[in-house]
Each structure stands twice: as C-alpha cells, then as structure tokens.
Amino acid sequence: MSRFEEVLNNIFIGQRQGTELYQRVFVVSAYSGMTNMLLEHKKTGEPGVYERFADAHVEDAWLEALDNVQSAMVSKNAELFKGEYERQAADRFIEGRISDVRDCMVSLHQLCSYGHFQLTEHLMKVREMLASLGEAHSAFNTVLALKKKGINARLVDLTGWNQSEPKAFQDMVKDSFDGIDLSRELVVATGYTHCSEGLMNTFDRGYSEITFAQIAASTSAREAIIHKEYHLSSADPNLVGVDKVVTIGRTNYDVADQLSNLGMEAIHPKAARTLRRAGIHLRIKNAFEPDHGGTLISQDYCSEKPCVEIIAGRKDVFGLEVFDQEMLGDVGYDLEITKLLKQLKLYVVNKDSDANSITYYASGSRKMINRASRLIEERYPMAEVNVHNIAIVSAIGSDLKVKGILAKTVAALAASDISIQAIHQSIRQVEMQCIIKEEDYDAAVASLHSALIEPENHGDVIVAA
C-alpha cells in the first residue's frame with residue numbers, strides 16, 4: 001500500500017472496463033510504517049502508541065505518539081489526494097477516528113487510577129482498537145480514490161467501530177457482506193476484523209490474512225490472490241542473484257506451510273487452512289508485474305517429476321541443547337520443556353533427540369533463550385544446557401523424492417567449506433533441513449540453489465512451471 005498509485009493502476013483497475021471491474025473483493029493492510037507507529041516497530045521493538053500507553057506512568061508519552069500518528073496519516077492523505085474535496089474527506093475520517101480513540105484511552109487511563117480497575121485487563125482491547133486505525137485509514141482512502149475514478153466502490157468496515165457488541169468472527173464477516181451486489185460494487189474491506197474471539201489474541205499482527213481467507217470462504221471466491229512486492233521464487237534473489245532465481249509457477253499448500261514454519265510466509269498457515277477447507281486455490285502475484293501469472297497454490301498439486309522447488313531458511317534460530325543421562329525413557333522431559341518454551345513465546349522450528357539429549361531449534365530473542373536455559377537447569381539440576389548460534393537452510397518441494405538428494409546436498413555444502421551440524425528429512429519428503437553455523441547461511445543458500453535447482457548443475461530437477 002506504500003506504492004498506492006501503482007497498486008491502484010496495476011491491480012484495482014488495470015485494463016478493466018465496465019463490468020470487468022467488479023466481482024472482486026480487496027482486503028487492504030495499513031500503509032507502510034503505520035502499524036509500527038500505532039503498536040511497536042516489528043523489527044526494532046521501538047515503542048509506538050500502544051507500548052507507551054501500556055508502560056507509561058506519564059500520560060503525555062502516548063498522547064504525543066498518537067498525535068504523531070495523526071500527523072503521519074494526514075501527510076499520507078495530502079500525498080495521495082491533490083483535490084481539496086478528497087483530501088478533506090480523508091482528513092475528517094481519520095481525525096474523527098483518532099479523536100474517538102484518544103477520548104477512550106484518556107477515560108480508560110483515568111478509570112484505571114482506581115484500585116478496582118486494572119489496566120492490564122484492558123490492554124488487548126486497546127491494542128486491537130489502535131491496530132484497526134491503520135486498516136480503516138487505507139481502506140477508506142482506497143474507496144475514495146476509486147470513486148474519484150468513477151468506480152462504484154464500497155467500504156466494508158470490519159473494525160466494528162460503532163457496533164454495540166462484538167460478533168463471532170465468521171458471523172461478523174458473513175453479516176458484513178449480506179446484501180452486497182458484487183456484480184456492480186467493488187468492495188474494499190479492512191484487514192482487521194473486530195470479533196468476540198479477538199483476532200490479535202491468537203494472530204497478533206497476522207490478522208489481515210486471516211480476514212482475507214475468511215472473506216474468500218464466505219463469498220465462495222473462485223480464487224484468492226495475495227499481491228506482494230515480489231514473486232514467490234526458488235530462493236532469495238539477494239543471496240542467489242536475480243538472474244538465477246526462478247518464479248515458482250505452481251506448488252501446494254504443504255509447501256506453503258513449510259515456508260511458514262521457516263518464517264517466510266506465502267500465507268499464514270491458519271489462513272491457508274481456511275482456503276484449503278473451502279477448496280479455494282491461492283495465487284501469489286507480484287503487484288508490480290500485473291501481467292505475470294505468479295504462483296498458483298492448490299491442495300492436490302504435485303510436480304510431474306520429483307524436484308526441489310525452493311531453497312529457503314532462517315537465521316534467527318538458536319539450538320537449545322539439553323543433555324541429561326536421566327532422560328532415557330522419560331517422555332516428560334520433552335513435554336515439560338516444550339510447554340516452557342511456549343510460555344516464553346519461543347517458536348520451535350524443529351527439534352531432534354537421541355537417548356539422553358534433546359535439541360530444540362527455537363526462534364526468539366537471545367534474552368528469552370537464555371532465560372529458557374536457566375529455567376530448564378532449575379527444573380532439571382542434573383541437566384547440561386548449551387545454546388548454539390545456528391541457522392537452518394532447507395530444500396523444499398511438493399515431491400522431494402529425488403534420488404541422491406542427500407548425498408548431493410552434503411557434497412555441495414562440503415565443497416563450500418560448510419559443516420552440517422544436523423540434518424532432518426521426514427518420511428513425507430517435502431522438506432530437508434540442514435542445521436549449519438549462523439555465519440554460513442548466505443553461502444549455504446547459494447550453494448544449494450546452485451546444486452539442486454539451477455538447471456546447468458542439475459538436469460533432473462525441474463522447477464514447477
């Protein structure tokens with residue numbers, strides 16, 4: 001949404017005319033950086049309005065942050081709309097929303113100064129309310145821009161702003177689309193949905209794709225399309241080279257789930273589940289190459305020949321190795337440690353074990369990993385816990401039963417002077433993971449892409465077309 005004019009011309013309108021413009025629903029996210037300002041910066045952790053409100057002892061801290069959000073949103077409006085009418089309409093809309101939020105938060109702050117009311121009990125509602133501002137802002141502006149171009153656009157505001165009480169998620173989506181004639185209305189919906197379940201309780205900032213999938217299922221969509229800034233490719237072009245990566249033409253939801261596990265989501269796995277159950281295919285397209293077919297993801301697709309489709313991985317992983325000779329035959333170790341890691345909100349990408357050790361490959365901050373290590377040692381005084389800085393690089397495909405793939409993988413990494421710390425391949429054979437040293441990650445991706453995907457080095461491997 002940060003390149004709005006291009007998105008408007010490439011996706012919303014393109015070469016379509018008349019009735020071709022309709023029979024579509026768009027689910028929009030906030031403009032770039034807005035949710036970071038409203039909540040907290042996703043990468044750096046710099047506090048936004050929410051974090052300042054949750055932690056502040058001085059009211060001025062979050063009020064100033066909210067004023068900064070309003071200024072940023074009004075500036076975005078001025079950038080998008082040169083006409084006085086549209087710009088004023090956009091400003092009135094978001095200023096009204098922010099004024100409501102400000103009044104609500106001030107009142108809540110005052111209420112919680114009394115001992116009978118605790119701020120912590122209301123923080124998730126505040127977080128959801130703030131997050132909804134970003135999606136409402138971009139959705140309203142999109143409808144305004146489309147109407148300016150003569151298109152009969154309609155806003156479906158799922159934020160529940162003036163709703164007396166929340167509905168169940170599925171009911172909220174279904175009821176919001178009742179009575180809409182998609183044959184003559186182009187619908188723009190907010191990525192955030194206010195509901196009784198509270199989407200952010202489960203998905204935090206991943207709620208937009210959950211809303212997207214539920215709308216597709218509720219409207220019996222022919223196809224669900226996610227527009228990204230890039231194609232779903234055989235590897236990261238920054239590591240392998242733009243001239244060497246291949247756009248994946250087709251794959252299945254199983255492959256998409258493996259990517260999600262590695263933090264490289266084509267789509268959130270819960271959103272993918274909704275689409276799978278509804279029998280809806282998903283297409284990933286580059287928003288700035290509208291004529292390209294992109295990647296079609298379906299439930300039953302399998303490559304014509306066994307092949308590696310994607311080399312992917314992640315570097316933000318630690319190997320948490322737990323060694324204890326008392327472990328043998330006691331399944332309670334794994335159950336209790338897994339529960340502990342979940343409580344600390346550490347994501348376990350994979351794990352392996354032998355007779356007296358278990359190693360968890362977990363993603364999270366070093367601070368939380370160290371805390372997990374201390375808590376495990378306290379729970380199991382005889383255990384020895386070691387933390388390793390590692391990375392995971394994976395070969396993924398809808399059918400990975402490629403003869404000799406393990407030998408070729410080991411040889412390719414050895415030729416690049418990369419030592420394998422551990423290796424995993426399940427019987428299902430859709431992914432093979434190599435655990436390596438963190439500093440070897442970039443070279444490992446390039447090495448495996450060259451050996452397993454690039455056609456001049458592997459004639460048997462055919463990337464899905």
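**Cysteines, a helix pair and a histidine**

A search of the whole structure finds 0 disulfides, a disulfide being a pair of cysteine sulfur atoms within 2.5 Å. Cys-104 is in no disulfide, and the nearest cysteine sulfur, that of Cys-112, is 10 Å away. This is a predicted model, in which local features need pLDDT of at least 70 and side-chain atom pairs count only at pLDDT 80 or more, while totals for chains, interfaces and linings use all residues. Residues are numbered from 1 along each chain as its sequence is written, and side-chain values use heavy atoms, leaving out hydrogens and water.

The sulfur of Cys-195 is 18 Å from the closest cysteine sulfur, in Cys-104, which is too far for a bond. Cys-195 is buried, with a relative accessible area of 1%, whereas Cys-104, at 36%, counts as partly exposed. Buried means under 20% relative accessible area, exposed over 50%, and partly exposed in between (1.4 Å probe, protein chains only).

His-231 also counts as buried, at 13% relative accessibility. Leaving aside neighbours within four places in sequence, His-231 is in contact (heavy atoms within 4.5 Å) with Thr-247, Asn-286, Glu-289, His-292 and Gly-294. His-231 and Gly-198 are 33 residues apart in sequence and 32 Å apart in space, C-alpha to C-alpha.

Two packed helices are described by the angle between their axes and the distance between the axes. The axes of helix H4 (residues 60–80) and helix H5 (residues 84–111) come within 9 Å and cross at roughly 170°. Axes are lines fitted to C-alpha atoms, for helices over the stretch in contact, with angles running from 0 to 180 degrees between N-to-C directions. Helices (H or I, at least four residues) and strands (E, at least two) are DSSP runs, numbered from the N terminus.
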